[in-house]
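Here's a short walk through one model, starting with a single side-chain pair and ending with a whole chain. Have the viewer open as you read.

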Amino acid sequence: MKRYSAFAIAREAMRHHEGWERAWASPEPKRKYDVIIIGAGGHGLATAYYLGKNFGITNVAILEKGWLGGGNTGRNTTIIRSNYLQDPSAAIFEKSRSLYETMSQDLNMNVMFSPRGVMMLAQTEHEVRGWKRTAHANALQGVTTEFISPRRVKELCPIMNIDGPRYPVLGALWQPRGGTARHDAVAWGYARACSAMGMHVIQKCEVTGIRSEGGKVRGVTTSRGDIDCDKLGIVVAGNSGHVANMAGFRLPLESVALQALVSEPIKPCMDVVVMANTVHGYMSQSDKGEMVIGGGTDGYNNYTQRGAFHHIEETVRALVETFPMISRLKMLRQWGGIVDVTGDRSPILSKTPLENCFINAGWGTGGFKAIPGSGWGFAELMARGHSTLCDGFELDRFREGRFVDESVAAGVAH
Amino acid sequence: MSTRLARGGRLIDRARPVEYRFNGRRLTGFAGDTLASALLGSGQMLMGRSFKYHRPRGPVASGAEEPNALVNLGEGGRFEPNQRATTTELFEGLTATSQNHWPSLDYDVGAVNTALSRFLPAGFYYKTFMSPRPFWKHLYEPFIRKSAGLGKAPTQPDADRYEHFHHFCDVLVVGGGVAGLLAAREAGRAGARVLLMEQTAHWGGRAPVDGDRIDGQAAEDWVRHIVTELEAMENVQLRLRCMGAGVYDHGYALGYERLTDHLPGADGPRHRLWRIRAGRIVTATGAIERPLSFAGNDIPGVMLASAARDYAVNWGVSVGDRVLVVTNNDDAYRTALVLKEAGLDVPAVVDARPEGGGELARRAEAAGIRVLKGKAVAKAKGGKHVTGAVISSQAGEGAMLEEIACDAIAMSGGWSPVVHLWSHCGGKLSWDEAGAMFRPDPDLPPTGADGAGFVIAAGAANGHLMLGETLRDAAEAGARAVSELGATPASPGALPAAEAPEEAPLFPVWMMPQGAGHELRSKAWLDYQNDVKVSDVRLAAQEGYESVEHAKRYTTLGMATDQGKLSNINGLATLAQRLGTEIPKVGTTTFRPPYTPISFGAIAGEARGETFQPIRRTPIQDWHEARGAHFEPVGQWRRPYCYPQGGETHGQAVAREIDATRGSLGLLDASTLGKILVSGPDAPRFMDMLYTNMMSTLKPGKCRYGLMCSENGFLMDDGVVARIDEQTFLCHTTSGGADSVHAHMEEWLQTEWWDWKVHTANVTEQYAQIAVVGPNSRKVLEKLGGIDVSAESFRFMDWKEGVLGGVRTRLFRISFSGELSYELAVPASEGRAVWDALLGAGEEFGATPYGTEALHVMRAEKGFIMIGDETDGTVIPQDLGLDWAISKKKTDYIGKRAQMRSHMADPERWKLVGLETVDGSVLPDGAYAVAEGRNANGQRKVQGRVTSTYHSPTLGRGIAMGLVLHGPDRMGEVLDFPKVDGEVVQAKIVDQIFFDKDGEKQNV
């Protein structure tokens, strides 16, 4: 892998950029790999990357039915934070956030992690108490957050109306090292690094079946033939139920559309990420200048990767009320992705009833921020059979009632 | 240089000059101008700067597809960035400034990026700015952010208002060109309810500009007649300045009507959002011309041939004195003819087709225009405006054959049907090899719930670019729409006869000249606004960004405010060429709503400020407001938190309210409390499933405190249930939970127990409910009179119906404060009168209204749980010591099976206790009790947490409740609760009932 740098750009500029090599190779699938990961989204690619980097397992194929990073990795609103309430959540999201801090250098691809700070508004007395509780929990979990006053909210985000007549801002949970990153670059950076380790990132290769023998996984059937493996990781947000079904087990999750939208680009006017759960909306400004906006999930199960307009309306209404100056900006584009939501709004990082088959699913509306932490933990789980980062997120927890419930703190979407 | 012609301009009124300002300069246009046509008429070709390289930019189009001519429009509360000058109608006093430059439009420092462009290829920022690490946040990123963005951010609140329309029709026709008009007429004649919308201020689309004839009339006259006919139809509605913004599932469509953008300050809303349910949607949205990819095709003065023609015909504006036309199809000859006729010089038509064109080409030659066949523009010359063009063979690499001096270039690379609305909801496209365009695939339309297609593309939007075909297709579309809806199409009249010249086939040209080398490719623009060039897309492909989505995201092709209306097809053709594959194999990116950007104001509509959400008011709300209550939002209610008097702080007010209530008499407006009636022969059975308690044994006239769990066993709501009669229960829920509890009941009834004979009704707002609380509560009710409230005849947890003080009342003897207490429910219309009567009768007892905070403190003093404080979706009743409320006799209730799971029965679960700080202070909200050591992930171990914490005025100290590991077995133990800053507060585990442990006050 040729390194990216300012010097490399200068060198290539002298020869019309004809020397840049492919970011990732496009190999033909082999007959067998040590590990197959189904799904070349952020989580799948990160899993493969840490299998190689942390455990030296590089005979790995990542199979993708479409284009890599084309699911929720390339559709989300790129918010990164770790101010979760429950211990298992805070552990994996904070690990993830800290990996984002050094990801550009680690992958030698600028993923533009921007720790601009994330605030989650409190607009009811109940929310005030909830965020204060989270701040207390975070302090013990090693996550730096604080509950800040409305005045400080206004200082950090001057375009916000904190005195709205209906839901005045009573404070906020503030995570100064939360932020955003360039979502596509995260997928591309991992894909490039995996490819450089000799792994096979295989796009347009749809898994149509999972083969097993004596309760153990044997391999997969794909649109490009049968491929064998010793271990299999299923990392297919939005399609987890389908693929788990191929492996012979069911998942306790529902697939729903989550929508997002952007405005036309304007000059910088907002330096922080703001989430307002009471009124259901969140917003940040991208480096390109667009206001990036999201809200709650659609109310019905759906695989179409598009949603109903009334959710857009609800979200925009909330944000026009919170940021009155956006009223005269325009919505440039809206889109949707399919998220797999579990009963406790927490992911599944687990062994499965099929031996040597592992599943990483159920990140719901908050998967992007978890990509590196999820990859780190899931790779360890696949390589060693156990990871403390995955503790608590086992599939069995639903049978035992051992939920990691974040809905209490996370609100509708994240 | 562009200028106003002496004659012509079908849309302008030369008798009505209009003054406006651009970059502070006072200029004049005419009524009917767009800002772009007016600026061109004033000789102002340069209108903006591009996003990345800050290249000088003039308009390249004349309509909604314009990527370049974006301005900051208006001032103050009517300021708006990124307005397209090409679709902004000129009005008196309009002020606009150009965007994205410093210090000025003409001299922009950012243009240095052009000089550096070889160092700034597609995606360069992914490859650098990585070290040293802190520089990204503090140096690189702030710099990138500042140089990105286009228009300025508005700084003031919006001065306008917006509204929504809900509309239902049989056939929605989008697009008011000849195809849309004809389709609407077909549907209208068949009696269908038709809505026809056109995004511009004029009917007819391109036909009047193209100069063809329909039914022996000029297209313009034909349009006027058909509009008159449509206007006369009662079942047809016509809307101008109304864009079809999006198509969604189930025949849902969005219309975006701009009512006063051209009349700022006029009465009424600025924009109106139409939310439409249509049986069928006919998209007659026309087609958009494509640029040609040659070097220098972004220099101001290079524009679409159709735009140059529009400016001349519609607005009487010439885009240059010597306009070179370059094309791969016949249509651009129309532009050459129009300009020639206007007296301008057309030095040549450069036609990339070796055989040249058809009838129109012959007319051009007859008009004395030189036609160069098989030739190309190798390079446009100029800086801030075009000065000439280098001509080469299209088949070659760009060797100069001659140079032609010109001050504008009109280009045409063919036309792309506007398939956006067809595609929004899943309609598929097919590649038309002959027309070199994607067109709707009639076999794969977006489908509705019945599996049938609900969108029908018509005319040019369906790939029929010739006038005759357009009209035939549109008539068919209109007839098909009504017949699919089960109506009979009107008897087919004669199809309007089109008189348009025969056109020769187009010749696809994706790079001009075909063999252009790197030098030319790196100056051939695809996406004008985002500065994406042919070389960028090729680089993306070279680096493995082969999927059209990867190429888009890596280069930003098609991500600008025009969303690739001009650039996408050229871009993916470039990608296909570089990959050595066919265009349809590359495919398109996804078409997403809206068609062009729509204002957030319009989306939000009237919902802002006080009416941002529906507001729910209790019958006593006016009194609270008059009394100066401090409110807190509870759902869509606004409940009094406390009633400060004089200079009281909230804390002082709460303490006073509690003292008065515990000492004598307090009144609470409890109307927000959820009230749901459950009725029917199976109601007792249903109630036993809903609640953990045995409700079927409750006697009429009695109340019982009940718990409701989710399917997962967690406590979700609580409240007092009163049995009204054998078949009827009244369930009180929390204020915030009423709607969700009602939905929960209905979900079970409708999906699981659909055969049970039970009805539910949410009657929350039908009753005003008032809690009468305190030692003197009985006395005040006795004063009102009418219901016997004596201790003997009206016991705790009884309820009675009667006439209290002249008002039909349900009276409950229940208590959430530990005091002698009643709650009375009266018809909502009587609520205020009863409240006033209670205040009057209670005056001698110092009757004191109290708010939600006093309510909370008093319940905490008694150790009563509060849903949302002691519960958070992870707590089961057993955690809260509420085992007594869980029936052991019932075989089942919602949540029972879940509560039997191993983790739910785990003795290690945290249990509810009281907490008292050692120093009497108030424990911080949500603090955790730490245990020794850290877990495997390095997190401090914890053994409990605070669920409720208050200052108790009654006890004069802090009290709290919390969930603690083995808590009830550890009475007297002291726990450490660190604050966020690490300072530790110590608290002792105590009984959770802090006040009147034996309930003596309540049971008197």
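## Thr561(B) and its surroundings

The side chains of Thr561(B) and Gln529(B) are joined by a polar contact of 2.7 Å. A polar contact here is a pair of N or O atoms within 3.5 Å; within protein, one must be able to donate a hydrogen and the other to accept it, and residues adjacent in sequence count only if both atoms are side-chain atoms. This is a predicted model, where local features need pLDDT of at least 70, side-chain atom pairs count only at pLDDT 80 or more, and totals for chains, interfaces and linings use all residues. As for bookkeeping, residues are numbered from 1 along each chain as its sequence is written, chains are lettered from A and ligands numbered from 1 in the order in which they are written, and side-chain values use heavy atoms, with hydrogens and water left out.

Where does Thr561(B) sit? Look in the loop between helix H14 (548-555) and helix H15 (568-579) of chain B; helices (H or I, at least four residues) and strands (E, at least two) are DSSP runs, numbered from the N terminus. Thr561(B) is buried, at 3% relative accessible area. The scale is: buried under 20%, exposed over 50%, partly exposed in between, with a 1.4 Å probe and protein chains only. Setting aside neighbours within four places in sequence, Thr561(B) is in contact with Glu264(A), Pro265(A) and Leu332(A) from chain A, plus Leu70(B), Leu150(B), Gln529(B) and Pro597(B). Contact means heavy atoms within 4.5 Å.

## Ala761(B) on a strand

Ala761(B) belongs to strand S42 (residues 759-762) of chain B, and at 30% relative accessibility it's partly exposed. Beyond its neighbours within four places in sequence, Ala761(B) is in contact with Lys675(B), Ile676(B), Leu677(B) and His742(B). Gly881(B) is 120 residues away along the chain, and its C-alpha atom is separated from that of Ala761(B) by 31 Å.

Chain B has a cis peptide bond between Ser131(B) and Pro132(B), with omega about -10 degrees. Pro132(B) is in the loop between helix H2 (112-115) and helix H3 (134-147). Another cis bond links Met512(B) to Pro513(B), again with omega about -10 degrees, and Pro513(B) lies in the loop between strand S31 (498-499) and helix H12 (518-521).

Then there are positive phi values outside glycine. Lys204(A) has phi near 50 degrees; find it in the loop between strand S8 (200-202) and strand S9 (207-213) of chain A. Is Lys204(A) buried or exposed? It's exposed, with a relative accessible area of 63%. Met797(B) has a phi of about 70 degrees and sits in the loop between helix H22 (777-784) and strand S44 (799-804) of chain B. Met797(B) is buried, at 17% relative accessible area.

## Chain A as a whole

Chain A has twelve helices and 18 strands. Its radius of gyration is 21 Å, close to the 22 Å that the globule rule gives for 414 residues, so chain A is as compact as a globular protein of that length. That radius is taken over C-alpha atoms, and the rule is 2.2 Å times the number of residues to the power 0.38. The C-alpha trace spans about 65 × 65 × 40 Å along its principal axes.

Buried residues make up 69% of the 414 in chain A. Of the chain A contacts with a separation of 6 or more, 75% come from residues 24 or more positions apart.
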